[in-house]
Amino acid sequence: MEILIDTNVFIEREGDWTVPEPLQELEKLLKTEGHTILIHPLSKQEIRNYENDERRETDESKIETYAELGFPPYPNPSSAAFRNHVPEADSFNEQVDNALLYTVFEDRTDMLITEDGDMHRKADELGIKENVLSIAEAREQFKEEPAAYEIPPSIPKQHVVDRDVEDPIFASLNEDYDFRSWFESIADERDV
């Protein structure tokens, strides 16, 4: 899956503090299962707009380690299905939020992880709330996913004496060899 993370999740992950356990666990689950964590180009711009030079420089260096969503769609006035629920943004931060939601709305990413309550409200109105999750919700969802690889069932061990020499699986052996004699001679000593 391609998972888009909001700037608030990035900040929680990359700040100068201990990463919260739910986020640690979520990130481990995502990486273990081979999902791609993406940053929207406008999230990068949001960080470039920081007024604090030191913080901006630090966060810009950290955000460059994430894959960027290429060629994301942007909502415009003609996006009626989206605009019926999400009006034009009043601020740059709201424009970023709307662009992230629109990316999920247009199925360009599988999921958006955000801690922004307003974005969750908009996702509900847009009918995409199952694809816009908080850190805790995403962690629970990925914990519940079945393993990508399941071990095949083992073949039960049986005694040779419990097998029928006339079983169709032995047909070619019975035709080509003196299989019956050999089979009967080992019946008491071997398992299959």
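A cavity is here a set of grid points where a 1.4 Å probe fits but cannot get out. In this predicted model, a search of the whole structure finds one such cavity of 30 Å³ or more, and the volume of the largest cavity comes to about 90 Å³.

## Residues around the cavity

The lining of the largest cavity is made up of I5, V9, R13, L23, L26, E27, L30, I37, Y66 and I113. Two helices, α1 (7–14) and α2 (21–32), each supply at least two residues of this lining, and α2 gives the most, with four residues.

Sorted by class, the lining of the largest cavity holds eight nonpolar and two charged residues, with no polar residues. The residues that line the cavity include R13 and E27, and both Arg and Glu count as charged.

## The packing of α3 against α6

Elsewhere in the description stands a helix pair: the axes of α3 (residues 41–48) and α6 (residues 92–105) come within 9 Å and cross at roughly 160 degrees. Because angles over 145 degrees count as roughly antiparallel, α3 and α6 are roughly antiparallel to each other. The crossing in which α3 passes α6 is left-handed.

On the α3 side the contact is made by L42, S43, Q45 and E46, which meet F92, N93, Q95, V96, A99 and L100 of α6. By class, this contact of α3 with α6 comprises five nonpolar, four polar and one charged residues.

Technical notes
Residues are numbered from 1 along each chain as its sequence is written. This is a predicted model: local features need pLDDT of at least 70, side-chain atom pairs count only at pLDDT 80 or more; totals for chains, interfaces and linings use all residues. Side-chain values use heavy atoms; hydrogens and water are left out. Axes are lines fitted to C-alpha atoms, for helices over the stretch in contact, and angles run from 0 to 180 degrees between N-to-C directions. Angles under 35 degrees count as roughly parallel, over 145 as roughly antiparallel, 65 to 115 as roughly perpendicular and the rest as oblique. A crossing is left-handed if the near helix is turned anticlockwise from the far one by less than a right angle, and right-handed if clockwise. Contact means heavy atoms within 4.5 Å. On a 1 Å grid over the protein atoms alone, a cavity is a set of points where a 1.4 Å probe fits but cannot get out, and a pocket is an open set with protein on both sides within 12 Å along at least five of seven lines; lining residues have an atom within 4 Å of a point. Grid points are joined across faces, edges and corners, and a volume is the space filled by probe spheres set on the points.
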